[in-house]
Amino acid sequence: MKIACRAIGLLLAFAVAFASVESTAQSYPSRPIKLIVGYPPGGTNDVLPRIIGPKLAERIGQPVLVENKPGADALIATEFVANSAPDGHTILVGASGQMVYNPALWANNPATAPRKSYDPLKDFVPITMIGSDPIVFAVHPSVKATTINELIALAKANPGKLFYSSGAPPFFVATETFKRIAGVDITHVPYKGSAASVTGAVAGEVQLHAGSVGPALAQIRAGKLRPLAVTSAKRDPVLPDVPTVRESGLDFEGGMWSGLYAPAGTPSAIIDKLYSELSAILKSDAIKNQFATMGYDTNQLGLSPEELGAYHRSQLAKWTKAIKDYNIRVSK
């Protein structure tokens, strides 16, 4: 009798829990959703959510607002979302810079790590991938190099006299890794965001720009920047004549990516609902064509929460090791 009563009790508890989950999913969202971006306007992490946001709003019946909170390499925005209520109404546009490279750099540079930080794996729940992009190495037209090997030769002849711009940690880490593999000394000049980094290179403030293809594409097409190589495994479809770094004989590959993340503790019903709606948007031909035209890779669009989580963990392990092995450090 007692066993039967316990079984009935467990069934009732399960039914109540299931009903609660169903209620959570049905009532969500109850107000506007904010997509928090840790970088200034104009870069990949700002542009992509502004394209996706209105389409998500149409599907869920609530406004979707993009809010920029730049500063401290996206630390401000990331901590803001980590400390937000886990109710699905505050979502992080989690770029690889803040979810992979920053934690790896802090681990290798404890003296320059912020007093407050976050754990990219424990403090967030992955939702889906919204974009990825190879890095392009592009020079000002005045630079006497038309290939990556010519740039290497120029840098070796002028150690420390060439400068490169980057607007986020992925581009800094990738270029520092490239420098060590190539055996060159090119001085880093940090900029606040990809748009500013591109502008600095176009203006001739630096000789080399390292950044994702999308923000630099218009200036490349206008002839104001000369692309030398991309860091992807294969050539970028929008820059088919630009070789990969590997084609130039260097064992190097890198890139950046952006995903959407909710604060840890967000109910699985909300994550599932968000992913369902976002997946339909991201896997549509219209979005894929639009992103491809803008220079973004579409192969990983709409990864499931589990797939994004696994990819995130592998990237964190890979770049933490690279940063440690090459002793990549930042100055504060």
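**Buried helices and aromatic pairs in a predicted model**

The buried residues of H3 are covered by elements that include strand S1 (33-37), strand S3 (90-95), helix H4 (96-108), strand S4 (124-139) and strand S9 (255-263). Helix H3 spans residues 75-82, and its buried residues are Leu 75, Ala 77, Thr 78, Glu 79 and Val 81. Buried here means under 20% relative accessible area, with exposed over 50% and partly exposed in between (1.4 Å probe, protein chains only). Helices (H or I, at least four residues) and strands (E, at least two) are DSSP runs, numbered from the N terminus.

The model is predicted: local features need pLDDT of at least 70, side-chain atom pairs count only at pLDDT 80 or more, and totals for chains, interfaces and linings use all residues. Residues are numbered from 1 along each chain as its sequence is written, and side-chain values use heavy atoms, with hydrogens and water left out. The mean pLDDT (the predictor's confidence in each residue, from 0 to 100) of the chain is 91. Of its residues, 92% reach 70 or more. Over residues 13-21, pLDDT stays under 50. For that stretch the model has one contact (heavy atoms within 4.5 Å) beyond four places in sequence.

Helix H8 covers residues 213-221. Its buried residues are Val 213, Gly 214, Pro 215, Ala 216, Leu 217 and Ile 220. Their cover includes helix H2 (44-60), S4, helix H7 (194-202), strand S7 (208-212), strand S8 (226-230) and helix H10 (285-293). Gly 223 follows H8 and has a positive phi, near 80°.

Gln 315 lies in helix H11 (residues 305-325). Its relative accessible area is 11%, so Gln 315 is buried. Beyond its neighbours within four places in sequence, Gln 315 contacts Val 100 and Trp 257.

The whole structure holds eight aromatic pairs. Rings of Phe, Tyr and Trp (its six-membered ring) pair if their centres lie within 6.5 Å; planes under 30 degrees apart count as stacked, over 60 as edge-to-face and the rest as tilted. Tyr 101 and Trp 319 form a tilted pair, 5.3 Å centre to centre with 45° between the planes. Tyr 101 is in helix H4 and Trp 319 in helix H11, so this pair ties together parts 218 residues apart in sequence. Both residues are buried. The ring centres of Trp 106 and Tyr 118 are 5.5 Å apart and their planes are at 75°, so this pair is edge-to-face. Trp 106 and Tyr 118 are both buried. Ring pairs link Trp 106, Tyr 118, Phe 124 and Tyr 261 into a cluster.
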